[in-house]
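Trainee: Could we go through this assembly together, starting with how its two sides meet?

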Amino acid sequence: MTGTDTTAAPTRAEYCVVACAEAWRDAGEVLASPMGTVPMIGARLAKRTFAPDLLLTDGEALLIGDVPAIGAAPAIVEGWLPYRQHLALVTTGRRHVMMGASQLDRYGNQNISCIGDWERPRRQLLGVRGAPVNSLNNPTSYWVPRHSARVFVERVDMVCGVGHDRAAAAGPSATRYHRLPGVVTDLGVFDFETPDRGMRLRSLHPGVTVEQVREATGFALAVPEEVPYTRDPTAEELRLIREEIDPRGLRDREVRA
Amino acid sequence: MTAEEVVGRLRSGMTIGIGGWGSRRKPMALVRALLRSDVTDLTVVSYGGPDVGLLADAGRIRTLVTAFATLDSVPLEPHFVAARQRGAFELVELDEAMMMWGLTAAVHRLPFMPVRAGLASDVMTVNPSLRTVTSPYGDREELVAVPALRLDAALVHLNRADPHGNGQYLGPDPYFDDLFCEAAETAYVSCERIVDTSELLKDAGPQTLLLKRAFVDGVVEAPNGAHFTSCVPDYDRDEAFQRHYAEAARDPEAWREFTARFLSGDEDAYRAAVAAFHGEEA
């Protein structure tokens, strides 16, 4: 759905965009660091609607003062954030990052480094990158565009982003600023609002069943008796997504209908 | 100096820091000169990009200290991936911020810096020599003591420098090139253009003067010396060439052809071969 028809029903990708945007509701005046196309559209949507105080970057060293379409240059630059300042900003806590995950377990431990034995990985991926510093210092959410039992595993092969059980075991310095608000996937929205901080289904995207989610999850997921659906985008949100923020329909490349 | 003279001062077994970040403003001409030398058995400290890929593929790295290796527009660095999967080097895998604080500790001649990053993650598991340190104050916080990342040599690439080693970046991000140089015993900067000291601030503010000559031991004029990584505002990443590199790196036969075509001669030959490549692409 790449046209500018704002009356067509919301697509799965558009539910994902709105679910990602919701991650930054009430975030206040902090840096939104979305990684991935759908989170990027979501952060821009949040800033254009209910979270106008968010700071956004151009993906490199500039803080942008307007909200351009994905891939377009900003018209306004409001600040400078080179990598060293970005890494320092993380430790101030005034940032909410949404990272990707090659593996994620039920306590929110995340892996983007490698699959298999670390000494001699079966599949080398990116490396830990900034996942350790992010997850211990500022709110860290995750985005998984294809929910599967290969991603949602009982135990990740390398803990890059720190989950609840690992943080608790490491003590107060690890838990002090540790916060994992949630996970958004192409099937639904998840959080860790359970007594043991294990992952819980928070909402299903319309058209998705609990069974589908259970089958695509490699661990026992907490599922409440009544599971709501992810909220619909408003007409204005659809217009912003389709006409202004992602007119080229890049969201559909990350999330198939 | 020439790139060959820089490499002539490096020794096998050294710990070498390489500036830039991912596929951005990497001292690629110096890396290519390193590939033409017989310097090997290196410990490389880098926010990894194709510098790491090329050196790993050539078997020059004994130990790699990094948080990632990427080509940015191509997420995975294929030579780094292949070298890791065949166990070609030892990896010291640190978080991005831990790298910055390790370099900072070296600059300040401190043994370590306390950081929160790393706690509870497998960075602590895969680096069993990492230790924690407890705050002597009332909070009694236990934090990671990131050891100083001291370097024997640093290699960085900037937009401009004067002949004395005052180095200037003109793009949006200095990356960590000053930390690399100040953390090193000896530091070498290649640049797009060597200019007279009096020219440095003609069109730019004083905050662009990233490197002080007291921390630079040699300057190399290397136009297009970051190619195929970006060197904004002088040039963007050569995406077409990088794609060609990444595709070739995934296939042994194609990589032999790539090496024969681009990496078997000197820097002039490299430039000519890249120009010919773009002629064919056009």
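Mentor: What follows is a short exchange on the interface and on one of the chains.

Mentor: This is a predicted model, in which local features need pLDDT of at least 70, side-chain atom pairs count only at pLDDT 80 or more, and totals for chains, interfaces and linings use all residues. Residues are numbered from 1 along each chain as its sequence is written, chains are lettered from A and ligands numbered from 1 in the order in which they are written, and side-chain values use heavy atoms, with hydrogens and water left out.

Trainee: How much area do chain A and chain B bury between them?

Mentor: Buried area is the accessible area (1.4 Å probe) that two parts lose on being put together, summed over both. Of this area, 54% lies on carbon and sulfur atoms, and A:Tyr83, A:Arg84 and A:Arg129 supply 22% of what chain A buries against chain B, more than any other three residues. The total for chain A and chain B is about 3,500 Å².

Trainee: Which residue of chain B does A:Arg129 meet in a salt bridge?

Mentor: A salt bridge is a side-chain nitrogen of Lys or Arg within 4 Å of a carboxyl oxygen of Asp or Glu, and the rule finds five across the interface of chain A and chain B. In one of them, at 2.9 Å from N to O, the partner of A:Arg129 is B:Glu96.

Trainee: What share of the residues in chain B is buried?

Mentor: Buried means under 20% relative accessible area (1.4 Å probe, protein chains only). Counted over the 282 residues in chain B, the buried share is 59%.

Key: Buried < 20%, exposed > 50% of the residue type's maximum accessible area, 1.4 Å probe, protein only.
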